[in-house]
Structures are given as structure tokens and as C-alpha cells.
Amino acid sequence: MLFRSASVLIDEYYRRGDYDSVVGVADDHYDLGRYFGNQQMFSPAVVAQSMLFYGSALTLVSPPRIGEAVLSFQAVSAGLSVVDPPTFASSLEGVTNQQLTGLVSQIELLGAR
């Protein structure tokens, strides 16, 4: 029940642009990644969506938590094989790859300074 409540809050806060609250809910209430593959408890698609919002929010808080965001997106990428329907998994994969590419570019720019 806690995961479902936190997932709803993450989705709502993200849609409102309240990224600090997204991060706060995810940091304080549960480890998103542990729910991947536990299909009896939660839909992997719901977990993946919440993890994407969380990872994205990590890049939008001050200061940005880019390393944690990369780990979040990598966890989504690793868990997509259990997400149904395949068209949703494919869509999530595209978003995840785009986010990871952007974060790698940011990290490379920081390293070049």
C-alpha cells in the first residue's frame, strides 16, 4: 500500500513540477528498484514510470543529483524486460535512453571544465 501511495504522489508532484517533493517522497518512503520483478505486488510499468519521474526529478533539484539519476535510469533500463505491454516497454526504453544520453553529455561537459 505504501508503494502505491508514494507512486501516486510521485506522479502528481512530477506533473505539477514540484521536483523537490518527488525526490523527498522517493527518498523517504521506498526503494523503487526493489519492486521491479515483483509482479505479484505491483505492475512493473508503474514502477518504471515512477522511477523515470524520480530520475528526472533528481536532475531538476538544486543541486542536481546526476549520479543518482543515472543509477535510476540504468535500473529502469535493466528492468524493462518485465514491463508489459511491449509497446509501453519500448516507449519507456526510448525515454530512458534519451535521458541517459543527456546525462552522459552533462557529465562529459563537467569533466571537460
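Visitor: At what angle do helix H3 and helix H4 pack?

Guide: Axes are lines fitted to C-alpha atoms, for helices over the stretch in contact, and angles run from 0 to 180 degrees between N-to-C directions. Here H3 (residues 44-60) and H4 (residues 66-79) pack at about 160 degrees, their axes 8 Å apart. That makes H3 roughly antiparallel to H4 (over 145 degrees; under 35 is roughly parallel, 65 to 115 roughly perpendicular, the rest oblique).

This is a predicted model: local features need pLDDT of at least 70, side-chain atom pairs count only at pLDDT 80 or more, and totals for chains, interfaces and linings use all residues. Residues are numbered from 1 along each chain as its sequence is written, and side-chain values use heavy atoms, leaving out hydrogens and water.

Visitor: Is the crossing of H3 and H4 left-handed or right-handed?

Guide: A crossing is left-handed if the near helix is turned anticlockwise from the far one by less than a right angle, right-handed if clockwise. The H3 and H4 crossing is left-handed.

Visitor: Which residues make the contact?

Guide: Contact means heavy atoms within 4.5 Å. H3 contributes Ala 48, Met 51, Leu 52, Tyr 54, Gly 55, Ser 56, Leu 58 and Thr 59. H4 contributes Glu 68, Ala 69, Ser 72, Phe 73, Ala 75 and Val 76.

Visitor: How many helices and strands does the protein chain have?

Guide: Helices (H or I, at least four residues) and strands (E, at least two) are DSSP runs, numbered from the N terminus. The protein chain has 5 helices and 0 strands. Its pattern along the sequence is α-α-α-α-α.

Visitor: What share of contacts joins residues at least 24 apart?

Guide: Among contacts between residues at least 6 apart in sequence, the share in the protein chain is 60%.
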